[in-house]
Amino acid sequence: MSEPSGRQGHRIARKRLTADDWADAALAALVERGLAAVAVEPLAAKLGTTKGSFYWHFANRDALVAAALARWEESSTERIIQAMDALEPDPAARLDALLRRATVAAVDDPREVRLLAASDHPEVAAALARVTERRIGYLAHLFELLGFPAPEARRRGFFAYTSYLGHAQLAHAVPGAVPADPAYLAEVSAALLKR
């Protein structure tokens, strides 16, 4: 596909959009302005294309929302878990690194908070449930590797995850309210690991 370049009538090749391009744009819109911003015409305009491109890849808006949420799940959960597993063999150091990375990133990245705010949408609720279970399960696995019995590991995984979510929520609701001091995160990590 190409479009005119202006007065000279030359044609410049336009990048053919993929379903991932649409999903990424939808996720960005959702994060910036909420679920209502995931609308075909404004996204098409932002991507420099037509609604026809959208319908080439998706049957409807709900399919686009599902694709955007799948991209979020992959980038915000699966890739991070894979990176942590590859980066640090020691479960205590991995847990500490994960807690620090996620908590610091949550201050700058409103995705978690925006998705939580849209949890009344069935697709968002389902994605949040999957991500929550995956994340808590991974944290529990790390605690089990540290020698905690499965029920205690699960409880600590839940506590670690809710601490992260509370930190993210407060960081966006009341900017500056959460401690930026690295010693604070070290204390949180130490409390989670305390026997």
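This is a predicted model: local features need pLDDT of at least 70, side-chain atom pairs count only at pLDDT 80 or more; totals for chains, interfaces and linings use all residues.
Local features here need pLDDT of at least 70 and side-chain atom pairs count only at pLDDT 80 or more, while totals for chains, interfaces and linings use all residues. Residues are numbered from 1 along each chain as its sequence is written, and side-chain values use heavy atoms, with hydrogens and water left out.

**Helix 7**

Helix 7 covers residues 122-145; helices are DSSP runs of H or I with at least four residues, numbered from the N terminus. Its 24 residues span 35 Å from the first C-alpha to the last, close to the expected 34 Å, a figure defined as 1.5 Å times one less than the number of residues. Just after helix 7, Gly147 has a positive phi of about 100°.

Buried residues of helix 7 include Val124, Leu128, Arg135, Tyr138 and Phe143. Buried means under 20% relative accessible area, exposed over 50%, and partly exposed in between, with a 1.4 Å probe and protein chains only. The buried residues of helix 7 pack against helix 4 (61-87), helix 5 (91-108), helix 6 (111-117), helix 8 (150-173) and helix 9 (182-193).

**Two helix pairs**

Axes are lines fitted to C-alpha atoms, for helices over the stretch in contact, and angles run from 0 to 180 degrees between N-to-C directions.

| Pair | Axes | Angle |
|---|---|---|
| Helix 7 and helix 8 | within 7 Å | roughly 125° |
| Helix 5 and helix 7 | 9 Å apart | about 150° |

Helix 7 is therefore oblique to helix 8, whereas helix 5 and helix 7 are roughly antiparallel. Angles under 35 degrees count as roughly parallel, over 145 as roughly antiparallel, 65 to 115 as roughly perpendicular and the rest as oblique.

Contact means heavy atoms within 4.5 Å. Between helix 5 and helix 7, Pro91, Arg94, Leu95 and Leu98 of helix 5 meet Tyr138, Leu139, Leu142, Phe143 and Leu145 of helix 7. This contact has eight nonpolar, no polar and one charged residues. Ala, Val, Leu, Ile, Met, Phe, Trp, Tyr, Cys and Pro count as nonpolar, Asp, Glu, Lys and Arg as charged, and the others, Gly among them, as polar.

In the pair with helix 8, the residues of helix 7 include Val131, Arg135 and Ala140, and those of helix 8 include Ala153, Tyr161 and Tyr164. The contact of helix 7 with helix 8 has eleven nonpolar, three polar and five charged residues.

Glu112 lies in helix 6 and counts as buried at 7% relative accessibility. Beyond neighbours within four places in sequence, Glu112 contacts Trp72, Ser76, Arg135, Tyr161, Tyr164 and Leu165. Phe159, in helix 8, counts as partly exposed at 47% relative accessibility.

Key
Helices (H or I, at least four residues) and strands (E, at least two) are DSSP runs, numbered from the N terminus.
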